[in-house]
Amino acid sequence: MTLPGPQRIVCLTEETTEWLYLLGQEQRIVGISGYTVRPRRARAEKPKVSAFLNAKIDKILALQPDCVFGFSDLQADIAAALIRAGVPVTVFNQRSVEQIFDMLFQVAAVVGCADQGLARIAAMRERLAAIRAEADALTAAGKRRPRVFFEEWDEPHISGIRWVSELLGMAGGDDVFPELAVQPLGKDRIIADGAQIVARAPDIVIGSWCGKKFRPENVAARPGWAAVPAVRDNQLFEIKSADILQPGPAALTDGVAQLHHIVQAWRLAHG
């Protein structure tokens with residue numbers, strides 16, 4: 001039996017592709033983002049029709065989609081072009097953990113998998129609660145929460161977005177730039193002067209340079225950074241952007257698990 005909802009979906013970003021595969025609805029997907037790496041087999045199975053800031057509109061239209069899923073204001077121009085061509089478009093703008101869960105439920109409901117979606121969401125929530133409980137237990141035992149600088153980009157420095165900051169908090173760390181995390185746009189999270197980062201003395205630095213390989217040796221060599229606790233104690237780590245900067249299942253599973261591992265290890269050794 002064919003489930004209700006759109007049957008020919010184009011996903012302009014990775015998180016909706018991964019979610020539809022997890023729901024067993026990958027047969028509905030007719031086009032994906034060229035940046036998709038989760039699941040890996042999607043790259044071999046589905047035509048790539050977009051980057052992040054641009055898309056092959058003619059190629060998308062040739063696929064005759066009855067639904068296009070996009071993400072954020074940065075894809076507004078793509079969405080507008082498709083809407084003018086008569087294509088139904090849904091652009092999500094999730095920035096927090098709760099907004100990610102809302103998006104996941106909406107997509108599941110659209111493809112007739114609301115119950116399965118809710119079950120998977122409940123499992124993710126349960127795991128997040130377990131991570132938070134482990135972190136709280138260490139706090140109760142007197143272990144200090146590390147100060148963490150999460151860097152989305154290196155030149156210029158861009159600090160972590162809201163869902164990353166929230167997941168970091170659940171994992172037992174404290175974002176050293178919480179006031180920037182609430183800013184939805186990358187340009188509003190730019191730290192022009194690296195001395196500001198040094199002044200906040202992060203115990204851990206986690207780099208996730210939007211697809212570019214993180215270079216801890218370059219971080220350690222930054223002028224004035226030798227005395228930063230994270231540099232001094234060699235607490236410089238990478239989490240791949242596909243695992244943490246994708247506002248969907250990846251961040252709520254593999255991404256937060258890596259945050260938890262890094263933070264918990266520091267707390268047990270240094271707290």
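This is a predicted model: local features need pLDDT of at least 70, side-chain atom pairs count only at pLDDT 80 or more; totals for chains, interfaces and linings use all residues.

Reader: OK, so how many disulfides does the count come to?
Author: The count comes to 0.

Reader: And is C11 buried or exposed?
Author: C11 is buried, because its relative accessibility is 0%. C67 counts as buried too, at 7% relative accessibility. The cut-off for buried is under 20%.

Reader: Switching topic: which peptide bond next to P39 is cis?
Author: The one from R38 to P39, with omega near -10°. P39 sits in the loop between β2 (29-33) and α2 (42-45).

Reader: What joins E155 and P156?
Author: A cis peptide bond, with omega at about 5°. You'll find P156 in the loop between β6 (147-153) and β7 (157-159).

Reader: What about Q64, what's its phi?
Author: Q64 has a positive phi of about 50°, although it isn't a glycine. Its loop runs between α3 (57-62) and β4 (67-71).

Reader: Is Q64 buried or exposed?
Author: Exposed, because its relative accessible area is 61%. S72 also has a positive phi without being a glycine, about 75°, but S72 counts as buried at 3% relative accessibility. Look for S72 in the loop between β4 and α4 (76-84).

Reader: Zooming out, how many helices and strands does the chain have?
Author: There are 13 helices and 11 strands.

Reader: And how does the radius of gyration fit with a compact globule?
Author: It agrees: for 271 residues a compact globule would come out near 18 Å, and the chain has 20 Å. The C-alpha trace spans about 60 × 35 × 30 Å along its principal axes.

Reader: What share of the residues is buried?
Author: 49% of the 271 residues count as buried. As for the accessible surface, it comes to about 12000 Å², with 55% belonging to carbon and sulfur atoms.

Reader: Last one: how far apart are the mean positions of the positive and negative charges?
Author: They're 3 Å apart, with 31 positive and 31 negative charges in the chain.

Terms used:
Residues are numbered from 1 along each chain as its sequence is written. Side-chain values use heavy atoms; hydrogens and water are left out. Helices (H or I, at least four residues) and strands (E, at least two) are DSSP runs, numbered from the N terminus. The radius of gyration is taken over C-alpha atoms; the globule rule is 2.2 Å times the number of residues to the power 0.38. Buried means under 20% relative accessible area, exposed over 50%, partly exposed in between (1.4 Å probe, protein chains only). Accessible areas come from the Shrake-Rupley method with a 1.4 Å probe; for residues, only the protein chains shown count as cover. Lys and Arg count as positive and Asp and Glu as negative; His and the chain ends are not counted. The place of a charge is taken as NZ of Lys, CZ of Arg, CG of Asp or CD of Glu. A disulfide is a pair of cysteine sulfur atoms within 2.5 Å.
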